[in-house]
Amino acid sequence: MSPVPVLGSEHVIDADVVISAIGQKVDQITMGELKNMSWTRRGTIDVNMVTMQTSIPGIFAAGDAVTGPATVIEAIGGGKRAAEAIDRYLSGIPQPQMPPVPVRRRREACLEVPASTKTVIKRPVMDMLGLDRRRTTFQQVELGYTENMVREEARRCLRCDICRRCGRCVEVCRDQMGISALQMGYIDFDHPTPTDLRITEERCITCGACAANCPTGAMRIEDRGDERLLILCGTILNRQKLVFCDACGKAMGPKKYLDFISKRVKSVGDVAGQHVLCEACARKKTARFNVDTLPV
Ligand code: SF4
Ligand code: SF4
């Protein structure tokens with residue numbers, strides 16, 4: 001709805017000073033008395049961006065007058081920096097030379113979600129104030145999420161704070177293993193593909209090469225109970241049943257993985273007759289067979 005002029009409603013208000021604060025241009029004339037104020041070429045106030053102090057000691061500035069038209073967040077950030085610097089200035093504490101560097105205090109655990117679910121979770125629809133109330137009150141229009149909605153929304157998070165999309169996992173799976181089970185869109189900028197978290201389940205053999213080469217720990221491989229799981233920042237990309245050694249019960253890996261390896265390395269996972277044996281048990285069995293059968 002756009003404003004409509006009300007005929008005859010114009011009137012004059014007596015004022016000592018009128019400050020135009022529409023965030024488009026700094027009115028330098030109103031600061032004419034501050035002769036030593038330094039200005040940028042854009043006509044904004046020149047400040048030290050760490051302390052927000054102007055060229056006049058003891059005078060600080062922040063907001064659009066410094067940055068030019070920008071967001072409220074940037075203005076609030078500048079205001080906070082200025083407030084800290086003013087406190088230091090008045091307390092006689094030296095000002096920092098460099099801006100404070102954000103330090104990660106801890107890493108929030110990822111929420112585990114199967115890939116098939118991750119791809120279909122929708123953003124919850126937020127309740128809004130009715131149109132009548134909006135017209136007649138100043139109440140908040142967006143009424144917020146319930147706790148369950150917040151939890152659902154959190155499950156959509158891709159945890160880009162952990163996976164930095166370097167593409168190493170995609171490269172290893174495609175070029176070293178020759179499997180191409182990972183399709184994380186736009187990691188290969190020359191050959192962009194749509195992201196498909198579900199394709200991994202069809203192709204992946206859970207060899208763990210991608211996890212072993214992930215520099216941030218975003219990709220993990222884990223044996224849990226009788227399954228091996230491949231997990232990317234909480235999204236379960238694949239889970240396969242483990243095969244256990246018939247002799248000692250040791251987990252040897254999922255069948256797909258053993259088949260892949262046995263095609264390349266004859267000694268691994270000796271499938272002798274009806275028995276599936278790990279390397280150590282297969283070696284023992286061969287040694288016993290040799291002792292029993294070789295002529296003295
Ligand atoms: S999962 Fe690891 S290796 Fe793969 S893109 Fe993310 S950070 Fe890089
Ligand atoms: S675990 Fe799966 S996705 Fe990772 S490299 Fe091996 S086959 Fe590829």
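Me: How many cavities of 30 Å³ or more does the count come to?
Reply: Two. A cavity here is a set of points on a 1 Å grid over the protein atoms alone where a 1.4 Å probe fits but cannot get out; points join across faces, edges and corners, and a volume is the space filled by probe spheres set on them. This is a predicted model, where local features need pLDDT of at least 70, side-chain atom pairs count only at pLDDT 80 or more, and totals for chains, interfaces and linings use all residues, while side-chain values use heavy atoms, without hydrogens and water. Residues are numbered from 1 along each chain as its sequence is written, with chains lettered from A and ligands numbered from 1 in the order in which they are written.

Me: What's the volume of the largest cavity, and what lines it?
Reply: The largest cavity is about 90 Å³. Its lining (residues with an atom within 4 Å of a point) has 15 residues, and Cys 173, Cys 204, Thr 206, Cys 207 and Cys 210 lie nearest its centre.

Me: OK, where does ligand 1 sit?
Reply: In the second largest cavity, with a volume of about 80 Å³. Cys 163, Cys 166, Gly 167, Cys 169 and Cys 214 come nearest among the 13 residues around ligand 1. That shell has eight nonpolar, two polar and three charged residues.

Me: Switching topic: how many aromatic pairs are there?
Reply: One, counting Phe, Tyr and Trp (six-membered) rings with centres within 6.5 Å. The ring centres of Phe 60 and Tyr 89 are 5.8 Å apart and the planes stand at 75 degrees, so this pair is edge-to-face (over 60 degrees; under 30 is stacked, the rest tilted).

Me: Where in the chain are those two?
Reply: Phe 60 is in the segment before helix H1 (64-67) and Tyr 89 is in helix H2 (residues 72-91), 29 residues apart. Helices are DSSP runs (H or I) of at least four residues, numbered from the N terminus.

Me: Is Phe 60 buried or exposed?
Reply: Phe 60 counts as buried because its relative accessibility is 16%. Tyr 89, at 40%, counts as partly exposed. Buried means under 20%, exposed over 50%, and partly exposed in between (1.4 Å probe, protein chains only).

Key. 1 Å grid on protein atoms, 1.4 Å probe; cavity = no way out; pocket = protein on both sides within 12 Å on 5 of 7 lines; lining within 4 Å. Near = heavy atom within 4 Å. Sits in = over half its atoms within 2 Å of the grid points. Nonpolar A, V, L, I, M, F, W, Y, C, P; charged D, E, K, R; others polar.
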